[in-house]
Amino acid sequence: MSKPIVAVVGRPNVGKSTLVNRIAVSREAIVHESRGVTRDRSYHEADWNGRDFVIIDTGGIESVKSQDVFAPRIREQALLACQEADVIVFVVDGATGITDEDEEVARIVRRVDKPVFLIVNKKDDPANEQDGLWDFYALGVGEPRPLSASHGYGTGDLLDDIVACFPEEEEANEEEDMLSIAIVGRPNVGKSSLANRLANKKRSIVSDVAGTTRDAIDTVIQWKGMPIKLVDTAGMRKKSQVHEDIEYYSLVRGLQAIDRADICLLVVDATVGVTEQDQKVANMAVDRGCGIVLLLNKWDLIDSQQKRDEVMASLSKRMAFAPWIPFINISALTGRATDKVLAAAVKAAEARAQQLKTSELNNLLAEIREGGHTRSEKGRRLKIQYCTQTGSKPPALSFWCNAPDLVDDNFERFMENRIRDRFELTGTPIRMRFRQKNEGGEK
């Protein structure tokens with residue numbers, strides 16, 4: 001059974017993300033004193049009294065007269081969150097009173113036939129929590145409840161009542177490990193468009209303004225009967241270009257998404273080619289043991305063979321350190337080749353989880369020895385006696401030898417290439433460790 005969903009809605013800067021972090025016992029939702037920090041709806045795991053649920057942090061809904069280019073789409077995202085939720089938490093600012101924007105949110109909430117809790121936030125002093133409370137009855141969405149998201153006053157009683165509204169819990173089967181795919185890349189390369197295309201719904205705000213997505217957003221989809229979690233991350237820029245605090249936090253979220261992902265879909269703007277920053281993002285994913293599929297997005301906008309050749313040249317140059325990374329030319333906007341993306345990701349995940357037979361690894365070692373390829377220095381000669389897989393996701397191989405210090409980058413690269421030639425490891429990094437073994441045993 002899917003987990004119940006709680007949507008937190010309200011105008012900007014009333015404390016929605018603070019309340020979400022309080023309930024989720026996390027710092028996942030970006031909190032900042034600026035208006036409009038949260039734009040997309042972001043999902044967070046939470047539990048109370050033994051009931052697991054998902055809480056959605058939505059963007060601040062502004063007046064229909066707002067000049068913010070994102071205002072209409074933020075309103076759409078909040079409405080979608082209300083429609084998919086089991087319970088709605090409507091947050092207002094108790095220190096400010098009712099505003100036109102609060103009334104706008106109330107109109108949206110009243111359109112949805114769901115249990116609604118009207119939360120009057122910033123009531124930080126329990127002695128004065130009733131002051132001005134009754135004014136909020138005018139919103140027509142139920143009884144106003146005083147609460148302090150920053151201090152936690154009133155959150156326990158609120159959660160008791162929220163959980164009481166959930167559907168009866170059914171006995172659930174053990175969930176299998178779900179494949180987690182992070183969609184990463186520089187800002188404005190089409191990550192949200194791709195996420196929406198793969199999820200077949202408007203899951204993230206799509207705009208030609210760089211930096212639209214600021215939080216990492218999870219959504220679960222089904223692909224050929226397999227549950228897959230997609231994480232659409234904020235665009236990652238060079239640290240020297242991260243001027244705003246919000247951009248910094250978004251970079252952190254992107255790195256966290258890579259940390260908990262099995263596979264990264266690295267989206268590259270094909271009209272620009274593979275950049276140094278794309279290379280660095282790929283390196284971060286490799287360092288963290290993620291599988292990678294590179295997607296050259298906006299391929300439909302390249303109108304000449306010369307431009308295509310330039311893009312492929314940039315790919316060969318920037319990704320020379322990891323030639324095992326597969327690439328697909330796609331268009332998230334038109335759907336070109338996007339049907340191949342998940343198949344490539346699943347294939348990379350299978351390679352990443354692969355268990356290589358010790359007998360086959362040592363057969364390969366015997367062939368390399370017979371070929372005479374080794375390292376020697378000052379009368380010392382490298383002899384590798386044995387190899388076995390000692391870890392997975394990604395595959396980790398240990399080589400027992402007489403002199404690990406003789407192994408240099410070139411020899412390690414030679415060994416990796418021979419292993420990749422023998423085994424299907426497309427899309428996954430591998431780890432290799434050379435360990436000393438003397439006649440008396442391992443050292």
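The largest nonpolar core has 28 residues, and Ile181, Leu194, Ile228, Leu265, Leu295 and Leu342 touch the most other members. Such a core is a set of buried Ala, Val, Leu, Ile, Met, Phe, Trp, Tyr and Cys residues joined through side-chain atoms within 4.5 Å. Buried means under 20% relative accessible area, exposed means over 50%, and partly exposed is in between (1.4 Å probe, protein chains only).

The model is predicted: local features need pLDDT of at least 70, side-chain atom pairs count only at pLDDT 80 or more, and totals for chains, interfaces and linings use all residues. Residues are numbered from 1 along each chain as its sequence is written, and side-chain values use heavy atoms, without hydrogens and water.

Helix α9 gives the most, with seven residues. Helices (H or I, at least four residues) and strands (E, at least two) are DSSP runs, numbered from the N terminus.

Take isoleucine 228. Leaving aside neighbours within four places in sequence, isoleucine 228 is in contact (heavy atoms within 4.5 Å) with Met178, Leu179, Ile181, Thr219, Val220, Ile221, Trp223, Leu342 and Val346. A second, separate core has 27 residues, among them Cys264, Ile292, Leu296 and Val311.

Helix α5 is largely enclosed by the rest of the structure, because seven of its nine residues are buried. These are Lys191, Ser192, Leu194, Ala195, Asn196, Leu198 and Ala199. Asparagine 200 follows α5 and has a positive phi, near 60°.

**Aromatic pairs**

How many aromatic pairs does a search of the whole structure find? It finds six. Rings of Phe, Tyr and Trp (its six-membered ring) pair if their centres lie within 6.5 Å; planes under 30 degrees apart count as stacked, over 60 as edge-to-face and the rest as tilted. Here are two of the pairs.

| Pair | Centre to centre | Angle between planes | Type |
|---|---|---|---|
| Phenylalanine 53 and phenylalanine 166 | 5.5 Å | 50° | tilted |
| Tyrosine 386 and tryptophan 400 | 6.0 Å | 50° | tilted |

Phenylalanine 53 lies in strand β3 (residues 51-57) and phenylalanine 166 in the loop between α4 (155-164) and β7 (179-184), so this pair ties together parts 113 residues apart in sequence. Phenylalanine 53 counts as buried, at 1% relative accessibility. Phenylalanine 166 is also buried, at 7%.

Tyrosine 386 lies in strand β15 (residues 384-391) and tryptophan 400 in strand β16 (residues 396-401), so their pair ties together parts 14 residues apart in sequence. Tyrosine 386 is partly exposed, with a relative accessible area of 35%. Tryptophan 400 is buried, at 10%. Elsewhere, Phe399, Phe411, Phe414 and Phe434 form one aromatic cluster.

**The second largest pocket**

This pocket has a volume of about 470 Å³. Of its 18 lining residues, Phe321, Trp324, Arg413, Glu416 and Ile430 are the closest to its centre. On a 1 Å grid over the protein atoms alone, a pocket is an open set of points where a 1.4 Å probe fits, with protein on both sides within 12 Å along at least five of seven lines; lining residues have an atom within 4 Å of a point. A volume is the space filled by probe spheres set on the points.

The elements that give two or more lining residues are α7 (276-287), α11 (409-422) and β17 (431-438). Helix α11 gives the most, with six residues.

**The whole chain**

The chain has 11 helices and 18 strands. Of its 443 residues, 53% count as buried.
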